[in-house]
Amino acid sequence: MAKYFGTNGARGKMDLFTPEFTSGLAAAFGTWTGKGKILVGRDTRTTGEMIENAVVAGLLSVGCQPMLLGVVPAPTIELATTKLGAVGSIAITASHNPPEWIGVKCIDSRSVSLSKERGDEVEKIFEEKKFARAEWNEIKKIEGYDAAISDHVEAIKKWVNVEKIKKKKPKLILDCGNGTACNIAPRLFTELGCKITTLNSHPDGHFPGRNSEPTKENVSDLIATVKKLNADAGIAWDGDGDRVIFVDERGEFVIGDKSFALCVELALRGKKGNVATTVATTNAIKDIASKHGCKLVYSKVGAPYLSEKMIEAKAVIGGEEVGGVIWPQFHYGKDGFTTAAKIVEAISEKPLSKWIASLPAYCNSKIKIPFSEKEKFEVIEKMKKQLEKTGEKTITIDGVRVDGSDGWCILRPSGTEHFVRIFAEAKTQKQADSMVKEFEAKLLALKNK
Ligand code: MG
């Protein structure tokens with residue numbers, strides 16, 4: 001079981017990420033990928049340079065060729081990975097975590113980030129010190145590549161309808177949250193012909209402007225500015241720029257699954273194909289896919305599983321319930337900039353609130369029930385068996401999901417805490433609430449059986 005790798009790489013604070021630990025982990029990753037070019041990019045955290053230097057030392061020690069991209073978003077690294085033919089990449093980022101956190105996200109040559117299970121393989125090399133150390137005369141020189149941001153901007157400009165955006169000249173408020181978005185978002189939307197006002201747009205690892213996670217509470221300045229300046233939309237990113245959220249022209253916060261649903265609608269208008277999402281995502285995605293005659297495929301919760309499922313199913317778009325969208329024509333990571341540009345193209349046609357209102361709407365309800373570490377898995381297994389017996393329609397790739405006539409409900413053991421989470425979605429709030437209550441009672445009845 002992976003000790004350091006979670007669903008989004010390894011994360012910790014200064015006590016874990018010492019130079020020794022970090023260079024060891026990088027050497028293990030370089031051993032795992034084999035000798036070759038490995039891209040290294042980092043977010044705006046104060047620890048970035050320290051970690052970068054340790055990563056580089058580790059990679060050099062196993063004969064890899066480190067190529068430094070500087071302070072860039074994670075999706076920019078993912079795009080560069082395939083473009084530059086790297087055998088892998090390391091994104092030094094703790095995403096939306098508080099500023100004292102440090103993280104290392106390992107990405108393979110297909111731009112898919114390593115899952116817990118594949119992270120396990122890297123950890124095994126690290127724990128057993130089975131590094132493929134290079135000889136003195138095999139050590140490479142450090143290279144740099146400073147065009148990764150330009151490449152990302154140009155790729156997006158080739159993809160969206162720039163003429164349409166330039167004609168409308170949408171007025172946007174961009175909240176870069178002092179993260180990596182500072183280095184791409186103002187430039188991208190200026191070059192797309194938008195009128196922009198920026199918030200928190202200087203890179204600063206103390207995150208002085210707001211907390212890095214773009215929740216409704218954390219983007220209150222953005223909401224107020226959209227209203228005050230009568231903007232067409234507000235956009236905010238997390239620290240590494242894979243997640244993006246929107247505020248509509250009335251100053252309403254748009255939750256992540258709505259913007260994902262809008263992206264699915266926009267993608268399928270362009271090109272029909274399979275849609276991939278996690279088992280915990282709104283049925284609005286299923287509805288939109290079937291409206292276009294397309295199939296929905298499910299993956300376990302977690303970005304690496306979703307990326308793998310997309311490759312397997314040749315999906316044309318994929319996304320997660322928290323508001324991360326993957327556009328496979330670019331790479332297999334969630335990308336907050338392609339997503340934002342696609343939605344800005346759409347609002348050049350009609351207001352964001354109108355787009356959102358046109359999407360299927362559902363109500364949801366959720367609770368978490370405390371269980372011990374052992375019990376939380378056992379009780380889910382018992383629930384699966386019970387539902388099988390009663391002939392319910394279930395999906396069991398991650399916890400257990402039950403699809404009924406009123407809606408659906410998923411029960412999942414928490415990955416990090418001692419809880420089982422129950423989430424239900426239905427056409428009405430009453431139905432969603434009652435599904436949660438029904439499964440809570442069933443779960444508690446199974447506890448002592
Ligand atoms: Mg992130």
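Asp238 and Asp240 are both buried, a term used here for residues under 20% relative accessible area, with exposed meaning over 50% and partly exposed in between (1.4 Å probe, protein chains only). The model is predicted, so local features need pLDDT of at least 70 and side-chain atom pairs count only at pLDDT 80 or more, while totals for chains, interfaces and linings use all residues. Residues are numbered from 1 along each chain as its sequence is written, and side-chain values use heavy atoms, leaving out hydrogens and water.

Turning to the cysteines, the whole structure contains 0 disulfides, defined as pairs of cysteine sulfur atoms within 2.5 Å. Cys363 is in no disulfide, and its nearest cysteine sulfur, in Cys409, is 15 Å away; that distance is too far for a bond. Cys363 is partly exposed at 24% relative accessible area, whereas Cys409 is buried at 0%.

An open sheet with mixed pairing has 4 strands in the order β14-β13-β15-β16. Its edge strands, β14 (296–299) and β16 (324–326), each pair on one side only. Strands are DSSP runs (E, at least two residues), numbered from the N terminus, as are helices (H or I, at least four); two strands pair if DSSP finds at least two bridges between them.
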